[in-house]
Amino acid sequence: MGKYNMVNAMTDRLKEIFTGLQERLEGELCGSRTAVAHSGARGEASEQDWINLFKQHLPNRYQADKAFVIDSTGACSDQIDIVIYDRQYSPILYNQAGQQYVPAESVYAVLEAKQDLSREHIIYAGEKAASVRKLKRTSASIPHAGGSYGARPLPRIIGGIVTYQSSWSPPFGQPFKDVLAELDNEHRLDIGCALTAGSFEITYSTDAIIDIAISGQERSLVQFLFRLLKQLQSLATAPAIEYDAYLKQLID
C-alpha cells in the first residue's frame with residue numbers, strides 16, 4: 001500500500017471510530033428520553049447520562065458531578081447540573097445524600113442539561129454559570145524543591161449547555177445568535193451541544209462575540225467532546241487552594 005493510500009486508510013479508520021462513538025453515545029442519551037415518561041424524571045435521567053458520558057471520556061484528572069460550588073467566605077452557587085472540577089489536587093468539601101459541595105477553586109466548567117436548546121434555557125444556563133463565576137476564588141503559591149512558584153492567575157470558568165434537541169429551525173440561526181449576544185461577561189456561554197442538531201463553540205473579545213463555530217448533527221457529540229477537551233486543556237491545572245482562607249471560617 002502506498003503512503004498516500006495508507007494515510008487515507010488511517011483517516012477513514014479514525015472517522016469510523018468517531019462515527020461509532022457518536023452512535024453509541026447518542027444511543028445512550030436517547031435511551032433515557034424514550035424509556036422515562038415523566039418530564040422531571042426524564043430530566044434527571046438525562047443529567048445523569050451526560051455526567052456518565054463525561055466520567056467515561058474525560059481524563060482522570062477531571063471529575064463530573066451534579067453539585068453546589070462554595071467559596072472560602074461561605075457563599076454558594078445555585079445547584080449546577082454538571083460541574084467539571086479538579087479531583088487530583090482539590091477536596092470535596094461535603095458529599096452526603098446527593099448533596100455535594102466542591103470548592104470554587106477546583107471548578108473548570110459548569111454545564112446545564114436540558115431537553116431542548118431555547119432562549120429560555122440559554123438564559124437559564126447563563127444565570128447558573130454566573131452564580132459560580134461570581135464566587136471568590138483563592139490562589140496560593142505552590143512549593144517545590146527549590147522554593148515556590150507564585151500564585152497563578154485565576155482562569156475563566158467555562159460555561160455551557162447540553163440538550164437533546166433545538167427548539168429553533170434552523171437550530172443555530174439568528175434567534176440563537178441574538179440571545180447569546182445579550183449575555184454579559186459573567187453570563188456568557190462558551191460551548192454547547194444539541195444532540196440531534198449539532199454543537200457550537202463561541203469565541204469572544206472583551207465585549208463581543210468574535211466567532212461561533214458550529215458543527216452538524218452527524219458527529220455533534222464527538223465534536224463537542226473534543227471542543228470541550230481543547231478548552232479544558234487551555235485552562236491547565238486548577239489554582240492551588242489557599243486553605244487558610246477556609247480555616248479562618250472555622251476559627252472565627
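Ile80 counts as buried because its relative accessibility is 0%, where buried means under 20% relative accessible area, exposed over 50% and partly exposed in between, with a 1.4 Å probe and protein chains only. The model is predicted, so local features need pLDDT of at least 70 and side-chain atom pairs count only at pLDDT 80 or more, whereas totals for chains, interfaces and linings use all residues. Residues are numbered from 1 along each chain as its sequence is written, and side-chain values use heavy atoms, with hydrogens and water left out.

**The protein as a whole**

- The protein has six helices and eleven strands, where helices (H or I, at least four residues) and strands (E, at least two) are DSSP runs numbered from the N terminus.
- Of the 252 residues in the protein, 45% are buried.
- Among contacts between residues at least 6 apart in sequence, 69% join residues at least 24 apart, a contact being heavy atoms within 4.5 Å.
- The protein exposes about 12,800 Å², of which carbon and sulfur atoms supply 52%; accessible areas come from the Shrake-Rupley method with a 1.4 Å probe, and for residues only the protein chains shown count as cover.

- Ile80 belongs to strand S2, which covers residues 80-86, and its C-alpha is 5.5 Å from that of Ala67, a residue 13 places away in sequence.
- Not counting residues up to four places away in sequence, Ile80 touches Asp65, Lys66, Ala67, Val110, Leu111, Glu112, Lys128, Ser131 and Val132.
- Asp81 also lies in strand S2 and is buried, because its relative accessible area is 5%.
- Leaving aside neighbours within four places in sequence, Asp81 is in contact with Glu47, Ile51, Asp65, Lys66, Leu111, Glu112 and Ala113; the C-alpha atoms of Asp81 and Ile51 are 8.6 Å apart, although 30 residues separate the two in sequence.
- Ser72 is found in the loop between S1 and S2 and is buried, with a relative accessible area of 3%.
- Ser72 and Lys136 are 64 residues apart in sequence but 7.0 Å apart in space, C-alpha to C-alpha, and the contacts of Ser72 beyond four places in sequence are Lys136, Thr138, Ala245, Tyr246 and Gln249.

**Helix H3**

- Helix H3 (residues 119-133) has 15 residues and reaches 21 Å from its first C-alpha to its last, close to the 21 Å expected at 1.5 Å a residue, where the expected span is 1.5 Å times one less than the number of residues.
- The buried residues of H3 are His121, Ile122, Ala125, Gly126, Lys128, Ala129, Ala130, Ser131, Val132 and Arg133, and they pack against strand S1 (62-70), S2, strand S5 (107-117), S8 and H4.

- Ser166 lies in strand S8 and is buried, with a relative accessible area of 15%.
- Ser166 touches Leu117, Pro171, Ala194 and Ala197, not counting residues up to four places away in sequence, and lies 8.9 Å from Gly198, C-alpha to C-alpha, at a separation of 32 residues in sequence.
- Ser169 and Pro170 are joined by a cis peptide bond with omega of about 0°, and Pro170 lies in the loop between strand S8 (158-166) and helix H4 (174-182).
- Most residues other than glycine have a negative phi, and most peptide bonds are trans.

- Ser220, Leu221, Val222, Phe224, Leu225, Arg227, Leu228, Gln231, Leu232 and Leu235 are buried in H5.
- Ala236 follows H5 and has a positive phi of about 60° although it is not a glycine.
- Ala236 lies in the loop between H5 and helix H6 (243-251) and counts as partly exposed, because its relative accessibility is 37%.

**The largest pocket**

- The largest pocket has a volume of about 180 Å³; a pocket is an open set of points on a 1 Å grid over the protein atoms alone, with protein on both sides within 12 Å along at least five of seven lines, where a 1.4 Å probe fits, and lining residues have an atom within 4 Å of a point.
- Grid points are joined across faces, edges and corners, and a volume is the space filled by probe spheres set on the points.
- Its lining consists of Asp86, Tyr89, Ser90, Ile142, Arg152, Thr237, Ala238, Pro239, Ala240, Ile241 and Tyr243.
- The lining residues divide into seven nonpolar, two polar and two charged, where Ala, Val, Leu, Ile, Met, Phe, Trp, Tyr, Cys and Pro count as nonpolar, Asp, Glu, Lys and Arg as charged, and the others, Gly among them, as polar.
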